[in-house]
Amino acid sequence: MVRTAIYAGSFDPPTNGHLDIVERASGMFDHLIVALGTNTHKTRFLPPEATVEALRTCCEKHANVSVEMFSGLLVNFAQERGSNLLVRGLRAITDFDYEFRIALANKSLWPEVETVFLVSREEYSFLASSVVREVALLGGDYRKFVPDEVAQLIAQRTV
Ligand code: ADP
């Protein structure tokens with residue numbers, strides 16, 4: 001049996017914290033799908049297509065990781081991919097309430113689904129896409145928070 005897990009998020013932009021979760025989760029499952037959701041009504045900071053390409057490059061070193069875009073309900077996407085395992089990262093207490101609600105909502109939509117939480121590394125526990133966006137928009141050095149491929153995309157956006 002091939003165990004496929006799905007790590008879904010907005011990844012707007014992907015950060016070193018996201019990639020740390022990818023690396024750790026890739027060691028736990030046979031196949032990990034990093035799934036960029038395009039549902040949100042919010043205007044994105046980075047275009048989804050270019051973000052997926054950057055994520056693919058970042059994940060190349062993990063042979064069992066693939067990157068896809070999806071829209072619609074995550075549980076539907078997971079079912080289509082034959083996976084009932086969702087990976088999420090947990091940073092602080094503030095993440096818990098939100099993540100707990102999403103996990104319960106997903107379970108009520110599909111009782112077989114399981115959400116697996118990986119606790120963030122201490123050095124990334126403050127790191128959020130919103131922090132990177134804010135630093136970038138205010139002219140700060142965001143490059144230490146994101147992989148090079150993503151820094152290039154942000155640089156193109158903020159020129
Ligand atoms: P969403 O908009 O669905 O919350 P995000 O892209 O913000 O998507 O995050 C995707 C997942 O990655 C979430 O579970 C989030 O808690 C987790 N995550 C984000 N940043 C970090 C980090 N620095 N360390 C660990 N997990 C993180």
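In the predicted model, an N or O atom in the side chain of arginine 88 lies 3.0 Å from an oxygen atom of the ligand, a polar contact being a pair of N or O atoms within 3.5 Å. Taken alone, the ligand exposes 550 Å², of which the protein buries 88% (Shrake-Rupley method, 1.4 Å probe). Backbone atoms also take part: a polar backbone atom of phenylalanine 11 is 2.9 Å from an oxygen atom of the ligand, and a polar backbone atom of tyrosine 124 is 2.9 Å from a nitrogen atom of the ligand. This is a predicted model, in which local features need pLDDT of at least 70 and side-chain atom pairs count only at pLDDT 80 or more, whereas totals for chains, interfaces and linings use all residues. Residues are numbered from 1 along each chain as its sequence is written, and side-chain values use heavy atoms, with hydrogens and water left out.

The ligand is surrounded by 17 residues (a heavy atom within 4 Å), the closest being Tyr7, Ser10, Gly89, Tyr124 and Leu127. By class, seven residues of this shell are nonpolar, six polar and four charged, with Tyr counted as nonpolar and Gly as polar. At least two shell residues each come from strand E1 (4–9), helix H1 (16–26), strand E4 (85–90) and helix H4 (93–109); helices (at least four residues) and strands (at least two) are DSSP runs.

Helix H4 also contains phenylalanine 100. This residue is partly exposed, with a relative accessible area of 43% (buried means under 20%, exposed over 50%, partly exposed in between). Phenylalanine 100 and phenylalanine 117 are 17 residues apart in sequence, and their C-alpha atoms are 10.0 Å apart.

Methods
A polar contact is a pair of N or O atoms within 3.5 Å; within protein, one must be able to donate a hydrogen and the other to accept it, and residues adjacent in sequence count only if both atoms are side-chain atoms. Buried means under 20% relative accessible area, exposed over 50%, partly exposed in between (1.4 Å probe, protein chains only).
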